[in-house]
Each structure stands twice: as C-alpha cells, then as structure tokens.
Amino acid sequence: MDILAHFINQANNLLWNILLIYLLCGVGIYYTFTLGFVQIRYFKASVRSLFGNISLFGRRADKGGMSSFQAVTTAIAGQVGTGNLAGPATAILAGGPGAIFWMWVSSFLGMATIYAEAILAQKYRTRDKEGQVVGGPAYYIEQGLRCKWLAVIFALLIILALGFIGNMVQSNSIASAFYGSLGIPLWVSGLIVAGLTAFVIIGGIGSIASFTEKIVPIKAVLYFAGTFVILAYNYAYIIPAFKIIFIAAFNPQAVLGGGIGIAIQEAMRFGIARGLFSNEAGMGSTPHAHALAKVENEEQQGFIAMMGVFVVAIIVTITALAIITSGLSMWEAGGQKTASFMSVYQGLQGIELTQMAYSWVFGWFGSIFISFALLCFAFTTIIGWYYYGEMNIRYLFNNKKAIRAYQCTVVIFIFCASFIRVDMVWNMADMFNGLMVLPNLIALILLSPVVIRLTRAIKNKPVNRRQNEKQ
C-alpha cells in the first residue's frame with residue numbers, strides 16, 4: 001500500500017507540478033494569440049450570451065439537447081465545487097497571497113482554451129442509436145483526429161476520474177463538513193447525498209438540466225450575498241488585500257516576511273495549478289455539456305463557455321478576498337504581534353482556513369455557512385461529473401443497461417465514500433484527472449486549425465450556417 005501511495009504521489013508531482021502546468025498554460029497562450037485575444041474581443045458577446053439566455057424554468061432538455069443556458073449551468077455545476085472554497089485557501093497557504101494573481105492569469109488563459117473546447121464539442125457532436133445528441137472530447141478525438149484508441153482511453157479515464165473517484169471525494173467532503181460543524185453522523189450525510197443524487201440522475205438529461213439551471217444561479221447568488229457581507233464588514237482591508245496580492249505575486253517576502261520561505265516560483269506554481277484545477281479549462285470535462293447546447297453556430301457556445309470560467313474566477317476572487325481581509329482584521333485586532341498576517345491561520349489547512357475567515361465575521365454561523373455552501377457546491381459537482389461520465393458510458397457501450405449499471409455504481413460509491421478514509425482516493429482523483437487531460441490537450445493542439453477557421457469566419461456569417469449546411 002505504501003508503494004502504491006508513493007507511486008501516486010510521484011505521478012501527481014510529475015503531472016500537476018511540472019507537465020500539466022506548462023501544457024495547459026501553453027495551450028491557453030497559443031489560443032489567446034492565434035485567436036486574437038478572443039477573451040477580450042468577444043467579452044461583450046459572452047456577457048450577452050449568458051445574461052440574454054437566463055431562465056430558471058427553460059424548456060426541458062430532450063434528445064435534441066438543451067438550451068445554451070442549461071448547458072453552461074451544467075458546465076458550471078461541475079466547475080464550481082469544493083476546489084472553489086478550499087482551492088484559494090490552499091493556494092494562499094502554499095504559495096502566499098500572490099498565488100491568487102496567478103490564479104487570475106490561469107483563468108484568463110483558460111477562457112481561450114475552453115472557447116476552443118466548446119467549439120470542437122459543437123462541431124463534432126453527433127447522435128447515438130437512441131437519437132440522443134452526444135458529444136465531448138471522445139467524439140472530437142475520434143472524428144477529428146481519426147484516433148479511436150485515444151478516444152477510448154480518454155473515455156475510460158474520465159469515467160474513473162470524475163464519475164467514480166471524483167464523486168467519492170465530493171461526497172466525503174460534504175459528510176466531513178457537516179460532521180465537523182453540526183455533528184451529523186457521516187453515514188447519514190452519505191445516505192442523504194446518495195438519495196438526492198439518485199433522484200436527480202435517474203430522470204436523465206432532462207432532470208439534470210432542469211436541476212442545474214435552477215440550483216446553480218441560486219447557489220451563486222446566496223454565496224455572493226454571504227461573502228459580500230464579509231467584505232462589507234472588512235471593507236477597510238479590501239484595497240490593502242489587492243495590494244498584498246499584486247506585491248506578493250512578484251515579491252512574496254515583502255508581504256510575508258523573510259522568515260516564510262515562499263518564492264515567486266511557488267506563488268506561480270500553486271496559483272496556476274489551483275486555478276487550472278478550479279476552472280477545468282482544457283481538462284476535457286465541460287465540453288460534454290457544451291456539446292448539447294441548442295445554438296445556431298458553434299462559436300456562440302464558445303462565447304458562453306468563456307463566461308463559465310469567468311464566473312469561477314469571480315467566486316475564487318471573493319473567497320480569497322474574504323480570507324485575506326479577515327486575516328488582516330484578526331492580525332490587527334491581535335496587536336500585529338507577528339511580521340505576517342498569515343500567522344493568524346497557522347496550523348489550519350484548506351477548508352478550515354476558509355471557515356475561520358467566515359467565522360471571524362459570522363461567529364459560529366460562519367462554519368455552518370461554509371458547510372452548506374460546500375454542500376451546494378459539491379452536490380452540483382457530483383451531478384455535473386456524473387453526467388460527464390454518462391456521456392462516455394454512452395460513447396463506449398451505447399445501451400441503457402450500461403447506463404443503469406453506471407448510475408447504481410455511482411450512487412453506491414457516493415454513499416460508501418462518506419464514512420471511509422479517502423486520503424489515497426483524493427490523490428488518485430488528482431492522478432486520473434491529470435491523465436485524462438493529456439488526450440484532450442493532444443486534440444486541442446492538432447485540431448486548432450478547425451477552431452481558428454471557425455473563429456475567423458464569424459464576421460462573414462450573417463445567417464445560420466448550420467441551416468445552410470443542411471440545404
């Protein structure tokens with residue numbers, strides 16, 4: 001067991017600390033420049049695409065797909081999970097406040113990458129034998145690259161990484177949070193989460209899309225409201241917090257003091273790594289949702305996909321500001337006895353740091369608020385990740401029996417994960433997440449001419465191109 005754990009840790013170090021940071025950033029930089037800074041040029045179009053399609057009670061998704069708004073909420077459901085509450089805290093602890101700046105950089109680059117993913121998902125989507133619209137990296141790898149074996153590898157990896165192992169991590173996070181804040185037994189939380197998951201997913205894509213289009217905007221509004229209370233209470237520290245982030249990004253010692261050995265490289269590494277992990281740009285997960293959007297042209301879903309990364313960046317930012325401003329407030333209230341405000345969080349890890357920041361303002365309710373936020377974030381992630389796995393089950397087997405077996409297995413895993421130790425499962429999830437990125441990045445690089453051609457043709461499309469193609 002120790003040998004396996006060592007192997008997984010070494011694989012994660014190679015994947016996330018070295019290989020994927022350069023590959024994901026490289027692809028983001030490549031698309032940013034070749035597409036003429038699409039994040040900036042079409043930002044207004046992206047905002048219009050998102051807010052012009054908001055509907056909590058849209059038309060129920062069917063075999064023909066779902067609305068553009070349902071697609072982006074399904075994508076955001078997978079993107080906004082425990083990593084958006086614990087991720088900024090982990091980045092700050094490991095890389096200092098400057099890591100948040102580099103999380104912004106990764107989000108900016110990720111907007112270009114996810115734009116390309118959404119376009120390819122739309123371009124190469126198809127229908128299965130039941131008439132259901134399907135799409136995602138496995139489909140554009142097979143059809144675009146003519147590489148069936150690589151598509152199969154991706155499909156297997158994402159089923160393991162998200163559908164099974166990833167959802168075990170989310171379930172365990174929910175159970176642990178409620179046990180710590182309210183004393184609810186782990187198995188009770190697991191049973192509730194498993195039951196709710198079964199209720200949503202058994203209804204198929206129609207039920208999933210209806211669920212995400214309602215719960216994702218509501219959870220975002222509630223979390224924003226609670227966090228804005230924190231920032232209003234700590235308003236005097238907001239500008240200093242931004243200054244700390246920018247200064248620490250390039251000179252960590254100026255903020256943290258010489259005794260804390262964090263270098264610029266560490267701020268960059270941890271910030272970019274956590275940013276890429278939180279927005280999922282380039283990972284190959286969100287294209288499954290964007291493939292099903294009912295839009296006139298491929299780039300329209302590319303625009304709205306960019307807003308998904310932007311929303312995640314906002315959530316990461318306000319969480320980080322809550323942590324830093326509360327830390328500054330506590331540090332000053334304690335008489336500034338140490339050189340760095342980070343000393344108030346000494347000994348805490350991940351979500352504990354976030355809970356302490358909120359408890360500084362809300363008292364005992366702060367920990368409960370984060371627990372319920374974690375429930376909403378993690379549960380919607382479970383639904384989103386389940387669906388990504390289902391799309392690949394359809395790709396591999398294309399029959400209802402396989403889908404039912406997959407549904408039952410996911411529900412069982414979610415329940416069991418709530419009351420078992422999942423230290424290694426966390427690391428396994430990171431490893432499989434990293435491995436599934438590689439086939440997707442190969443496709444993004446080799447199919448870039450398709451993305452570039454479709455993007456350059458935007459100004460020359462006064463009418464629906466898909467209708468013209470059918471005529």
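User: Are Y386 and Y406 buried or exposed?

Analyst: Both Y386 and Y406 are buried, where buried means under 20% relative accessible area, exposed over 50% and partly exposed in between (1.4 Å probe, protein chains only). Keep in mind that this is a predicted model: local features need pLDDT of at least 70, side-chain atom pairs count only at pLDDT 80 or more, and totals for chains, interfaces and linings use all residues. Residues are numbered from 1 along each chain as its sequence is written, and side-chain values use heavy atoms, without hydrogens and water.

User: How many aromatic pairs does the structure hold?

Analyst: Rings of Phe, Tyr and Trp (its six-membered ring) pair if their centres lie within 6.5 Å; planes under 30 degrees apart are stacked, over 60 edge-to-face, the rest tilted. The structure holds 29 such pairs. One of them joins Y386 and Y406, stacked at 5.1 Å centre to centre with 20° between the planes. Y386 belongs to helix α17 and Y406 to helix α18 (residues 400–417), so this pair ties together parts that are 20 residues apart in sequence. Helices are DSSP runs (H or I, at least four residues), numbered from the N terminus.

User: Which residues form one aromatic cluster?

Analyst: Y223, Y358, F362, W364, F365, F369 and F377 do. F377 also has a charge over its ring: the charged end of K219 sits 4.8 Å from the ring centre. The test asks for NZ of Lys or CZ of Arg within 6 Å of the centre and within 35 degrees of the ring normal.

User: Now for the open spaces. How much space lies in the largest pocket?

Analyst: About 1200 Å³. On a 1 Å grid over the protein atoms alone, a pocket is an open set of points with protein on both sides within 12 Å along at least five of seven lines, a cavity is a set where a 1.4 Å probe fits but cannot get out, and lining residues have an atom within 4 Å of a point. The largest pocket is lined by 45 residues, with A86, T90, R274, G350 and W426 nearest its centre. Helix α8 supplies the largest share of that lining, 9 residues, and other helices that supply at least two include α1 (2–34), α4 (68–79) and α19 (423–446).

User: What classes make up the lining of the largest pocket?

Analyst: There are 14 nonpolar, 27 polar and 4 charged residues. Ala, Val, Leu, Ile, Met, Phe, Trp, Tyr, Cys and Pro count as nonpolar, Asp, Glu, Lys and Arg as charged, and the others, Gly among them, as polar.

User: And what does the second largest pocket look like by class?

Analyst: Its lining has 20 nonpolar, 1 polar and 1 charged residues. This pocket holds about 390 Å³ of space. Among its 22 lining residues, L50, F51, P217, A220 and V311 are the closest to its centre. Helix α10 (204–233) gives the most, 6 residues, while α3 (43–51), α4 and α15 (298–333) each supply at least two. As for α4, 12 of its 12 residues are buried.

User: How many cavities of 30 Å³ or more are there?

Analyst: The structure holds 1, and the largest cavity has a volume of about 40 Å³. Lining the largest cavity are L24, C25, G28, S106, L109, G110, T113, L276 and A281. Two or more of these residues come from each of α1 and α6 (99–123), and α6 gives the most, with 4. By class, 5 are nonpolar, 4 are polar and none is charged. The volumes count the space filled by probe spheres set on the points, which are joined across faces, edges and corners.
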